[in-house]
Amino acid sequence: METTSRPTAQNTASDSPAPDVEDSKAAERAEAAARSAADAYARAPFPWYGLDAAFTGQRWLMQVASAADGVVQHGSLGHGDEPSIRTEATALEKERFAVVITVAASPVRRSGDGTGVLDATTASSAAWLAGSGLLAHTWPPQLDHTLRDDWLDQQTETAFELADDLQGSAWSTLSLPVDGEPTTFHYRESEFGWVLAGSTAAGVHIGAYGRGMSAYGLGFFEVRDLGPYV
């Protein structure tokens, strides 16, 4: 029977990659992931929107969503601190971020695989994505893990109902520049942050959510170069 000897400490050390090799591999993986994300954004048949040049902080790619036929339907660009689920109220207060969601304007249409019908996208679509996005990074400190799923289901349903009624009393209106042109957005606040949504002359709907950054001073512009986000 073939046997193998137990490695000595010396052999183990010599077989292990040097720290600089591990760092190099990690950098290569990160670069490959960044290229893959950028490629996904580049496939979109519509323009992406982010915060304008008045925002000088960190920018980063988030994710895109595609239909069954691979056509990109919407995606998000992040600004500021990368949000994470926090359980401490003090941690929530320190986070400063704004996420901008771009949704392609589409009429009622057949699904890419021909099996159904897709609803038209509207400002309500952007509002729903923004509301659910904020919830994904929210966790009331008084809840434990076993209760969070129930809370999230309940709040997600509420966010959907609110997004479906942009003319309701839960929303106010806010005028913000899009490519320099004043544009009306529907806006609401909660204890966890703010959400806004509107439609643009560029043929897309814009949604946004954030915390720690005032929505009143924001401006949006078409992102022609994703370099600052990669």
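The questions below cover salt bridges, strand pairing, backbone angles and surface charge.

Analyst: This is a predicted model, where local features need pLDDT of at least 70, side-chain atom pairs count only at pLDDT 80 or more, and totals for chains, interfaces and linings use all residues. Residues are numbered from 1 along each chain as its sequence is written, and side-chain values use heavy atoms, with hydrogens and water left out.

User: How many salt bridges does a search of the whole structure find?

Analyst: The criterion is a side-chain nitrogen of Lys or Arg within 4 Å of a carboxyl oxygen of Asp or Glu. Over the whole structure, the count of such salt bridges is two.

User: Which residue forms a salt bridge with Glu95?

Analyst: Glu95 sits in the loop between helix H3 (89-94) and strand E4 (97-104), and its partner is in strand E10, so the pair ties together parts that are 116 residues apart in sequence. Helices (H or I, at least four residues) and strands (E, at least two) are DSSP runs, numbered from the N terminus. The N to O distance is 2.6 Å, and the partner is Arg211.

User: Are Glu95 and Arg211 buried or exposed?

Analyst: Buried means under 20% relative accessible area, exposed over 50%, and partly exposed in between (1.4 Å probe, protein chains only). The areas come from the Shrake-Rupley method with a 1.4 Å probe, and for residues only the protein chains shown count as cover. By that scale, both Glu95 and Arg211 are buried.

User: What separates the closest N and O atoms of Arg224 and Glu222?

Analyst: Arg224 counts as exposed, at 72% relative accessibility. Glu222 counts as partly exposed, at 21%. They form a salt bridge, and the closest N and O atoms are apart by 3.7 Å.

User: How many of the seven residues of E9 are buried?

Analyst: Gly193 belongs to strand E9 (residues 193-199) and is buried, at a relative accessible area of 13%. The strand is mostly covered, and its buried residues number six.

User: Which residue takes a positive phi in the hairpin of E9 and E10?

Analyst: E9 pairs with strand E10 (residues 204-211) in the antiparallel sense over six bridges. Ser199 has His205 as its bridge partner in E10. Four residues lie between the strands, and the one with a positive phi near 85 degrees is Gly203.

User: What is the phi of Asp179?

Analyst: Most residues other than glycine have a negative phi. Asp179 is placed in the loop between E7 and strand E8 (181-190). Asp179 is partly exposed, with a relative accessible area of 42%. Though not a glycine, Asp179 has a positive phi of about 55 degrees.

User: Where is Asp164, a member of the negative patch?

Analyst: Patches take residues with over 30% relative accessible area and no salt bridge, joining like charges within 9 Å and nonpolar side chains (Val, Leu, Ile, Met, Phe, Trp, Tyr) within 5 Å. Lys and Arg count as positive and Asp and Glu as negative, while His and the chain ends are not counted; a charge is placed at NZ of Lys, CZ of Arg, CG of Asp or CD of Glu. Asp164 gathers with Glu157, Glu161 and Asp165 in a surface patch of negative charge. Asp164 is exposed, at 60%, in the loop between helix H5 (145-163) and strand E7 (172-178).

Key:
Two strands pair if DSSP finds at least two bridges between them.
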